[in-house]
Amino acid sequence: MAKIEKGDSIPDADHVLRYVKNAHFDKAKNKLDGEAFEPRPNEKNASVNWLEYYSPPLDDQIRKVMRAKRNRFTYKRNGIFVRLRVGDIRRVVARETQGKVELLVIWVPLDADPTRDYDADPSHAEICQVAAEEAGGSKSDS
Amino acid sequence: MVVERDMTATVAAHPSSGVSLATISSMVTGVALVSAGAWSAAAEKIAPLLENPTSLAAAVDALSLAPAVSELIKQGADDLVRNIRSKLEVIYEIGVRVAELRDDAKESGELFSESSQADFSKFVSRLALTRRPSIFLLDNGNLRAVWDNEKKELIGLQFLGDGSIQFVMFRLKEGTEIMDRTSGIADFSEISGKLDSLAHMIW
């Protein structure tokens with residue numbers, strides 16, 4: 001794993017995990033709504049977890065993510081986890097917005113908060129939307 | 001039983017007419033949607049009435065028509081019943097999904113807009129859909145219905161709860177690879193007009 005500092009972008013080849021509640025996932029149609037990837041009401045940016053922070057296999061990675069978030073977040077049985085490749089998220093959004101919007105996926109580990117009984121969430125990351133110009137002016141679809 | 005009798009009368013009067021299909025569809029969906037909170041339950045009750053169309057056949061026989069004509073009418077009646085049944089299935093599935101979303105929201109203390117649901121019910125009852133959309137509950141409590149296909153055409157409708165609908169539509173221009181994208185806010189009748197060009201996605 002390349003050396004990444006807090007606040008750095010996560011490599012395009014890596015993956016993030018996003019929990020999606022039933023309201024945003026229609027199981028019978030196997031369809032997700034775009035709002036699933038927008039910031040939740042209590043989020044500034046869309047929260048995700050960087051999977052490669054933990055060692056594979058995937059089950060272990062997911063279990064560790066869930067354990068770290070156990071008091072911060074309520075998972076429901078009818079929700080799902082969506083695993084996304086960072087490069088795909090960035091490419092698709094750039095393509096669909098004709099390059100007007102660029103996303104960065106930033107590693108933002110969270111410290112423990114004993115006053116609220118929150119554990120540290122070291123793999124926490126955020127999907128940040130920036131104007132293409134801010135992100136370097138690239139209009140490419142690639 | 002009332003529904004079955006009314007249906008028989010309408011079919012006998014207009015055996016092969018598109019008008020009778022529309023009339024019956026709207027009648028059945030109207031019945032199913034009378035009580036917004038129990039639409040799926042209503043559809044569930046009506047569906048068995050359509051399982052056995054013998055009363056339709058009996059009504060046709062009673063008209064004492066030539067056998068060939070009679071057979072044609074019965075065939076039309078069978079098609080009609082199949083069509084209504086598929087519409088009822090869609091209504092039932094929509095009702096199940098909406099009830100699930102409402103229950104989830106209630107349990108989690110999240111927003112669920114009854115007025116958005118009422119608008120959605122009205123929309124469904126008017127259009128008698130044969131393709132069930134994906135249905136989502138947005139964080140603002142409104143319902144959103146989405147139809148899409150493998151060509152990446154899409155219809156997304158958010159029911160705002162005041163009679164208006166926020167829409168986004170992607171439609172391939174005929175014979176081209178160009179995707180027409182439109183969005184905005186419109187009322188029911190405007191939306192119905194816009195849906196004409198994307199009818200293949202919802203009917």
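User: Which residues of helix 2 of chain A are buried?
Analyst: This is a predicted model in which local features need pLDDT of at least 70 and side-chain atom pairs count only at pLDDT 80 or more, while totals for chains, interfaces and linings use all residues. Residues are numbered from 1 along each chain as its sequence is written, chains are lettered from A and ligands numbered from 1 in the order in which they are written, and side-chain values use heavy atoms, with hydrogens and water left out. Helices (H or I, at least four residues) and strands (E, at least two) are DSSP runs numbered from the N terminus, and buried means under 20% relative accessible area, exposed over 50%, partly exposed in between (1.4 Å probe, protein chains only). In helix 2 (residues 86-96) of chain A, the buried residues are A:Val86, A:Gly87, A:Ile89 and A:Ala94.

User: Within what arc do the buried residues of helix 2 of chain A fall?
Analyst: The arc is that of the directions from the helix axis to the C-beta atoms. The buried residues of helix 2 of chain A line one face of the helix, because seen down its axis they fall within an arc of 165 degrees.

User: In what order do the strands of the open sheet in chain A stand?
Analyst: Two strands pair if DSSP finds at least two bridges between them. Strand 6 and strand 7 of chain A pair in the antiparallel sense over seven bridges, and A:Leu104 stands opposite A:Cys128 in strand 7. Strand 1 and strand 4 (residues 46-50) of chain A pair, also antiparallel, over two bridges. The open sheet has five strands with antiparallel pairing, in the order 5-1-4-7-6.

User: Which strands of chain A stand at the edges of this sheet?
Analyst: An edge strand here has a single partner strand, so one side of it is left without a neighbour in the sheet. In chain A this applies to strand 5 and strand 6.

User: How many salt bridges are counted between chain B and chain A?
Analyst: The contact takes 19 residues from chain B and 17 residues from chain A. The two chains bury about 1500 Å² between them, 33% of it on carbon and sulfur atoms; buried area is the accessible area (1.4 Å probe) that two parts lose on being put together, summed over both. A salt bridge is a side-chain nitrogen of Lys or Arg within 4 Å of a carboxyl oxygen of Asp or Glu. Between chain B and chain A the count is nine.

User: With which residue of chain A does B:Arg144 form a salt bridge?
Analyst: B:Arg144 stands opposite B:Gln158 in strand 3 of chain B. The closest N and O atoms of its salt bridge are 2.7 Å apart, and its partner is A:Asp33.

User: Is B:Gln158 buried or exposed?
Analyst: B:Gln158 lies in strand 3 of chain B and touches, among others, B:Leu138, B:Asn140 and B:Arg144, not counting residues up to four places away in sequence. B:Phe136 is 22 residues away from B:Gln158 in sequence and 9.3 Å away in space, C-alpha to C-alpha. With a relative accessible area of 8%, B:Gln158 is buried.

User: What is the relative accessible area of B:Ser116?
Analyst: B:Ser116 has its place in helix 6 (residues 114-127) of chain B. Leaving out residues up to four places away in sequence, B:Ser116 touches B:Gly141, B:Asn142, B:Leu143, B:Phe159 and B:Gly161. B:Ser116 is buried, and its relative accessible area is 0%.

Technical notes:
Contact = heavy atoms within 4.5 Å.
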